[in-house]
Amino acid sequence: MSVSTRPEVGAFTSYQLPTEPEIPLRAKLDFNESPFDVPEEIKARVVAALLARRWSEYPEFGAPRLRGAIAKATGRSLEEIVVGNGSGEVLHAAVTVFAGSGGTLVLPTPTFSLYDQMAVLAGARILRIPRVGPGFDVDESAFLAAPEGAIPLVTSPNNPTGGVVSRRFVRALAARYPVVLLDQAYVDFAEPEDDLLPLVDELPNLAVFRTLSKAYSAAGFRIGYAVASTELAREIQKGVLPFSVDLAAEELALALLADGETAEKTVRVIRAERDGLAAALTALGLAVAPARGNFLYFAVGGASRVRRHLLERGVKVRDLSGHLRVTVGTPEENQIFLSALKECL
Ligand code: PMP
């Protein structure tokens, strides 16, 4: 049977992961997840809160409690917050609203692969501007020379390369393009000056995207959000269907945001481990890109062979654009990864 779809959807291959042999994993370092689970006492609190709610009713319309808690945590107002089923959903909404139906999305590549799918579904064209130099920096002048009316989507820290963009560059983008989309999923692991949320005050056309999937260890529950001027937030909201954050995700988000300390501890450990792991890889003679997220991106000869050999040793990493990306794990997992890697080089 031939299925009739929009041609660009028909031509698109959806996100696939390689089928792997069943090998017991000793270190799962492939998805940039937190290696630390949500603490038992927070899980218990969330379950108790859920037991007290009516599961037969939709979540509260507009998620005012959750948006209020995020507004408080970020020092913004509730009208500036859009929540969704992971930040992926909110990004998809923004791509659809601003670049859909024939708009152009400008991406500095390599970057997060799901943006491609968002663009295809929205009917947006993609203009790729390759990153430059050993740090995989955004080619700023090429980026600023994209056609007028294009929509830049910049990730900082970037997945998979790990680097950041400056305030000056984001200001230049905002002066040049109608709307700027800035994905800061990994910003909790970066330096204080990398947090570009304060720019929302001066740039009414900037939307910043955040998630509880990384530093807050909540990837299993899908909670993400955008922060933008009230006017921009209202437009992004149009791209998100009502009730996309379910009761369980909402209760977990409220508990995690009220706690704060757990995420801070995760960030402290992961940052120290990241820097130690980068030094160890460099000592092995590998070129490691400057990293501000919870992962490292490094060049290695025969990346796909090395990935396979690591997997045979129970260590899962990603092979992306001819480089390996390893998520920073617990101290034990990182040691397992390093020893296995030494055997594979
Ligand atoms: N942005 C980036 C750059 C990511 O790497 C990811 C997840 N890997 C996301 C957004 C989506 O995260 P989530 O939907 O879990 O919030």
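In this predicted model, the largest pocket has a volume of about 670 Å³. Its lining is made up of 30 residues, and of these Phe112, Leu114, Asn159, Tyr186 and Lys214 are the closest to the centre of the pocket. Helix H4, which covers residues 87-99, helix H5 (114-122) and strand E11 (318-320) each supply at least two residues of this lining, and H4 gives the most, with three residues. When the lining of the largest pocket is sorted by class, it has 12 nonpolar, 11 polar and seven charged residues.

Helix H4 also leads us to the packing of helices. In general, two packed helices are described by the angle between their axes and by the distance between those axes. For H4 and helix H8 (residues 230-237), the angle is about 95° and the axes are 8 Å apart. Because angles of 65 to 115 degrees count as roughly perpendicular, H4 and H8 are described as roughly perpendicular to each other. On the side of H4, the contact is made by Val90, Ala93, Ala94, Val97 and Phe98, while H8 brings Leu232, Glu235 and Ile236. By class, the contact of H4 with H8 has seven nonpolar residues, no polar residues and one charged residue.

A second pair to look at is helix H2 (residues 40-51) and helix H9 (residues 247-259), which pack at an angle of about 135° with their axes 9 Å apart. H2 and H9 are therefore oblique to each other, and H2 passes H9 in a right-handed crossing. The residues of H2 that make the contact are Ile42, Val46, Ala49 and Leu50, and those of H9 are Leu247, Ala248, Glu251, Leu252, Ala255, Leu256 and Asp259. In the contact of H2 with H9 there are nine nonpolar and two charged residues, with no polar ones.

How many cavities of 30 Å³ or more does a search of the whole structure find? The search finds one, and about 50 Å³ of space lies in the largest cavity. The residues that line the largest cavity are Val38, Pro39, Ala215, Tyr216, Ser217, Leu256, Asp259, Gly260, Thr262, Ala263 and Thr266. H9 and helix H10 (261-283) are the elements that give two or more residues to this lining, and H10 gives the most, with three residues. By class, the lining of the largest cavity has six nonpolar residues, four polar residues and one charged residue.

Definitions and conventions
Residues numbered from 1 in each chain as written. Predicted model: local features only at pLDDT ≥ 70, side-chain atom pairs only at ≥ 80, totals over all residues. Heavy atoms only, no water. 1 Å grid on protein atoms, 1.4 Å probe; cavity = no way out; pocket = protein on both sides within 12 Å on 5 of 7 lines; lining within 4 Å. Points joined across faces, edges and corners; volume = space filled by probe spheres on them. Helix = DSSP H or I, 4+ residues; strand = E, 2+ residues; numbered from the N terminus. Nonpolar A, V, L, I, M, F, W, Y, C, P; charged D, E, K, R; others polar. Axes fitted to C-alpha atoms, helices over the stretch in contact; angles between N-to-C directions. Parallel < 35°, antiparallel > 145°, perpendicular 65-115°, else oblique. Left-handed = near helix turned anticlockwise from the far one by under 90°. Contact = heavy atoms within 4.5 Å.
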